[in-house]
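Here are a few notes to keep beside you as you look through this structure for the first time. Take them in any order you like.

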Amino acid sequence: MNLNDKSLKVIYNASAYKEEKDDKVRAFLRFIQTNEPGQDDFSNRLSALVEKIKDNDKFRRDYAAMNLHDRDITRAAKREGVLQGAGKAKLEVAENLLKMRLLNSEQIAQSVGISLEKVKELQSQLK
């Protein structure tokens, strides 16, 4: 991939390691995907190094802090997704109620829990 920075970037999909033709690259990708070193010297050395680093207290603290940070970001993203999903569901309900013409705009806004302006906006979009 050329990114116009005078360097070459190669991007691999570790989950497709079985498709890789180069034996050394395939063994490395397999190690990344499965955490199993395999038969080659490089992935065995890499596995040993990873195990050694895991015994390092500072690394474990830093890794744990990084995982907590990543988990916080993931939770926030999920919350935001749920809120967005709930907002979309409310709009769909309001739209269906408008189509049924059983309630007026104020009643729909109050029932669904969205602003009257949003209901009127949906109403104008339906016309």
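Is R30 exposed, partly exposed or buried? R30 counts as partly exposed, at 26% relative accessibility; buried is under 20% relative accessible area, exposed over 50%, and partly exposed in between, with a 1.4 Å probe and protein chains only.

1. A word on the source. This is a predicted model, in which local features need pLDDT of at least 70, side-chain atom pairs count only at pLDDT 80 or more, and totals for chains, interfaces and linings use all residues. Residues are numbered from 1 along each chain as its sequence is written, and side-chain values use heavy atoms, leaving out hydrogens and water.

2. The overall fold. The protein chain has five helices and zero strands (DSSP runs, H or I of at least four residues for helices, E of at least two for strands, numbered from the N terminus). Its C-alpha trace spans about 75 × 35 × 30 Å along the principal axes. Of the 127 residues, 16% are buried.

3. Salt bridges. The whole structure holds five, each a side-chain nitrogen of Lys or Arg within 4 Å of a carboxyl oxygen of Asp or Glu. One of them joins R30 to E36 at 2.9 Å, N to O, and E36 is partly exposed at 41%.

4. Pairs within a helix. D23 and R26 form a salt bridge at 2.2 Å; they sit three residues apart in helix α1 (residues 23-34), so about one helical turn separates them. E95 bridges to K99 at 3.3 Å, and these two are four residues apart in helix α3 (residues 57-100), again about one helical turn.
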